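Hi,

Here is the structure I said I'd pass on.

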Amino acid sequence: MQPFTKITGVVVPMDRVDVDTDQIIPAQFLKRIEKTGFGQFLFYKWRFDEDGSLNPDFELNLPGYEEASVLVSGRNFGSGSSREHAPWALLDYGIRCIIAPSFADIFSNNSLQNGILLITFPDSTVRTIMQKAQSNPGYRLHVDLENQRVWDDDEEINEGFDIDEFAKYKLLNGLDDIGLTLQHEDKIAAYETDRGL
């Protein structure tokens, strides 16, 4: 897992609530077993018209948002099924941080396991960021996990955020559950040797 320390990224505004995992990555693309290659299918039903061409009205297809790495959205982002493919698709597309008033619990855990930072801000702050990104394509935010701060270039946005200390440790060090276990590889090997395994 790639560590998350600090990023500066273009913000794509998604002014929608209850964006669920089926909208993030539709079920027909879940047959792959790798974690990569899902970015091309991200928000597929919204990004593409029925003939396969890009929907010119969808947020990610609008000029100025092509290189977005920060997504800001409405409440309850990531609701629906528990598919881990949703954060895989977001990460593969290039999204490293999502800001919203609230997130679905299972999606939150899956995002943490894959190195995506989720930041919960009040509705008013989310709305301000959303409006800035909508009125100024290419609008950027600086996200500093170590100091738990988010700010924009003119510092009109300059906000701290809360995060669980253990989640912060995992993100800063690029550790999923397997990585955490492997930190004790020497003890595991010693135990197996003692047991004759």
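Leucine 117 is buried, because its relative accessible area is 0% (buried means under 20% relative accessible area, exposed over 50%, partly exposed in between, with a 1.4 Å probe and protein chains only). Leucine 117 sits in strand β4; helices (H or I, at least four residues) and strands (E, at least two) are DSSP runs, numbered from the N terminus. Setting aside neighbours within four places in sequence, leucine 117 is in contact with Phe4, Arg96, Cys97, Ile98, Val143, Leu145, Phe161, Ile163 and Leu171, where contact means heavy atoms within 4.5 Å. Phenylalanine 4 is 113 residues away along the chain, yet the two C-alpha atoms are separated by 7.6 Å.

Before going on, a word on where this comes from. You are looking at a predicted model, in which local features need pLDDT of at least 70 and side-chain atom pairs count only at pLDDT 80 or more, while totals for chains, interfaces and linings use all residues. Residues are numbered from 1 along each chain as its sequence is written, and side-chain values use heavy atoms, with hydrogens and water left out.

Now the sheet. In what order do the seven strands of the open sheet come? The order is β4-β3-β2-β1-β5-β6-β7, and the pairing is mixed (two strands pair if DSSP finds at least two bridges between them). At the edges are β4 (117-120) and β7 (158-160), each of which pairs on one side only. Direction ignored, neighbouring strands are turned against each other by 25° on average; axes here are lines fitted to C-alpha atoms, for helices over the stretch in contact, and angles run from 0 to 180 degrees between N-to-C directions.

Have a look at β1 in particular. Seven of its nine residues are buried, so to speak mostly covered. β1 runs parallel to β2, joined by five bridges, and methionine 14 has serine 73 in β2 as its bridge partner. β2 and β3 pair in the parallel sense over three bridges, and valine 72 has isoleucine 99 in β3 as bridge partner.

Next, the inside. The largest nonpolar core has 30 residues, and Ile24, Phe43, Leu71, Phe77, Leu90, Ile98 and Phe107 have the most contacts inside it. (A nonpolar core is a set of buried Ala, Val, Leu, Ile, Met, Phe, Trp, Tyr and Cys residues joined through side-chain atoms within 4.5 Å.) Two or more residues each come from β1 (6-14), β2 (68-73), α3 (85-93) and β3 (97-100), and α3 gives the largest share, four residues. Apart from this core lies another, of 25 residues, with Leu117, Ile119, Val126 and Ile129 among them. In soluble globular proteins, nonpolar side chains tend to be buried together.

Is phenylalanine 43 buried or exposed? Phenylalanine 43 counts as buried because its relative accessibility is 0%. You'll find phenylalanine 43 in the loop between α1 (21-24) and α2 (44-47). Not counting residues up to four places away in sequence, phenylalanine 43 touches Met14, Val19, Gln23, Ile24, Phe58, Leu60, Leu71, Phe77 and Leu90. Glutamine 23 is 20 residues from phenylalanine 43 in sequence, and 5.5 Å from it in space, C-alpha to C-alpha.

Then there are two helices to look at together. The axes of α3 and helix α4 (residues 105-113) come within 8 Å and cross at roughly 50°. That makes α3 oblique to α4 (angles under 35 degrees count as roughly parallel, over 145 as roughly antiparallel, 65 to 115 as roughly perpendicular and the rest as oblique). Where they meet, Ala86, Pro87 and Leu90 in α3 face Phe107, Asn110 and Ser111 in α4. Buried residues in α4 are Phe107, Asn110, Ser111, Leu112 and Gln113. After α4 comes glycine 115, with a positive phi near 85°.

Serine 79 is buried, because its relative accessible area is 13%. Leaving aside neighbours within four places in sequence, serine 79 is in contact with Asp18, Val19, Asp20, Thr21 and Ala104.

Cheers
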